[in-house]
Amino acid sequence: MFKTDIDKCLAVLKEGGVILYPTDTIWGLGCDATNEAAVEKINQIKGRAADKSFIILLDTDSKIQSYVSEVPEVAYDLIEYAENPMTVIFDNARNLAKNVINQDGSVGIRVVRHDFVQQLLQRFRKPIVSTSANISGEPSPKNFDIISEEIKSKVDYIVEHQQDDRAEKKPSTIIKIGAGGQFSFIRK
């Protein structure tokens, strides 16, 4: 199932589709973070304002510099020593779909420690958008069973791996980091 899920996700992502998948935090909607039309599909599925930015997932911190102009050294330490999943907001995003990047030019990046997502990212070789699998404004689903049928019916592929995991998950910690290395917590 694991390998089949990854193969099917890769096919959908390469075609500009949207997947519903487990992450290191909550279940997410994902697409190719460099494909503007794919990102717009997620906005439509969620009923989300087009001016809201997204989090992208990477499999290793060595890829961060491909998507932001400057990576303060402290960012690597924060990512390495974080005990729980952590999203870091960086200034001066680049090489991503315009509708992934915030109006101020920033982007949230999370380096995942989740076998399924890491393997998917390694094989896809591009960042993947990750946003909670819910209609905008509704609570984030804490496990697969809570995801609405409306969301499930609109995606191009639903990952089977971890659907039976009933553990209640929570979103990542979010930190904003400035060029000088100063950081502040956005969500703990």
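Thr173 counts as buried because its relative accessibility is 18%, where buried means under 20% relative accessible area, exposed over 50% and partly exposed in between, with a 1.4 Å probe and protein chains only. The structure is a predicted model, in which local features need pLDDT of at least 70 and side-chain atom pairs count only at pLDDT 80 or more, whereas totals for chains, interfaces and linings use all residues. Residues are numbered from 1 along each chain as its sequence is written, and side-chain values use heavy atoms, with hydrogens and water left out.

Thr173 lies in strand E8, residues 173-177. Strands (E, at least two residues) and helices (H or I, at least four) are DSSP runs, numbered from the N terminus. Once its neighbours within four places in sequence are set aside, Thr173 is in contact with Pro85, Met86, Thr87, Phe185, Arg187 and Lys188; contact means heavy atoms within 4.5 Å.

The packing of two helices comes next. Helix H1 (residues 2-14) and helix H4 (residues 115-124) have axes 10 Å apart and pack at an angle of about 45 degrees. Such axes are lines fitted to C-alpha atoms, for helices over the stretch in contact, and the angles run from 0 to 180 degrees between N-to-C directions. H1 and H4 are therefore oblique to each other, given that angles under 35 degrees count as roughly parallel, over 145 as roughly antiparallel, 65 to 115 as roughly perpendicular and the rest as oblique. The crossing of H1 past H4 is right-handed, a term used if the near helix is turned clockwise from the far one by less than a right angle, anticlockwise being left-handed.

On the H1 side, the residues that meet H4 are Phe2, Asp5, Ile6, Asp7, Cys9, Leu10, Leu13 and Lys14, and their partners in H4 are Asp115, Phe116, Gln119, Leu120, Arg123 and Phe124. Sorted by class, this contact of H1 with H4 has 8 nonpolar, 1 polar and 5 charged residues. Here Ala, Val, Leu, Ile, Met, Phe, Trp, Tyr, Cys and Pro count as nonpolar, Asp, Glu, Lys and Arg as charged, and the others, Gly among them, as polar.

Within H4, the buried residues are Phe116, Val117, Leu120, Leu121 and Phe124. Seen down the axis of H4, the buried residues fall within an arc of 125 degrees, so they line one face of the helix; the arc is that of the directions from the helix axis to the C-beta atoms. An α-helix has 3.6 residues a turn, so residues three or four places apart point the same way. The cover over the buried residues of H4 includes H1, strand E1 (19-21), strand E3 (55-58) and strand E6 (128-132).

Just after H4, Arg125 takes a positive phi of about 65 degrees. Most residues other than glycine have a negative phi. Asn92, which is not a glycine, has a positive phi of about 55 degrees, and Asn95 has a positive phi near 60 degrees. Asn92 sits in the loop between strand E4 (86-90) and strand E5 (107-111), and Asn95 is found in the loop between E4 and E5. Asn92 counts as partly exposed at 45% relative accessibility, while Asn95 counts as exposed at 53%.

Helix H5 (residues 149-154) holds Lys152, which counts as buried at 15% relative accessibility. Apart from residues up to four places away in sequence, Lys152 touches Leu20, Phe144, Ile147 and Ile158. Glu149 is also in helix H5 and counts as exposed at 58% relative accessibility.
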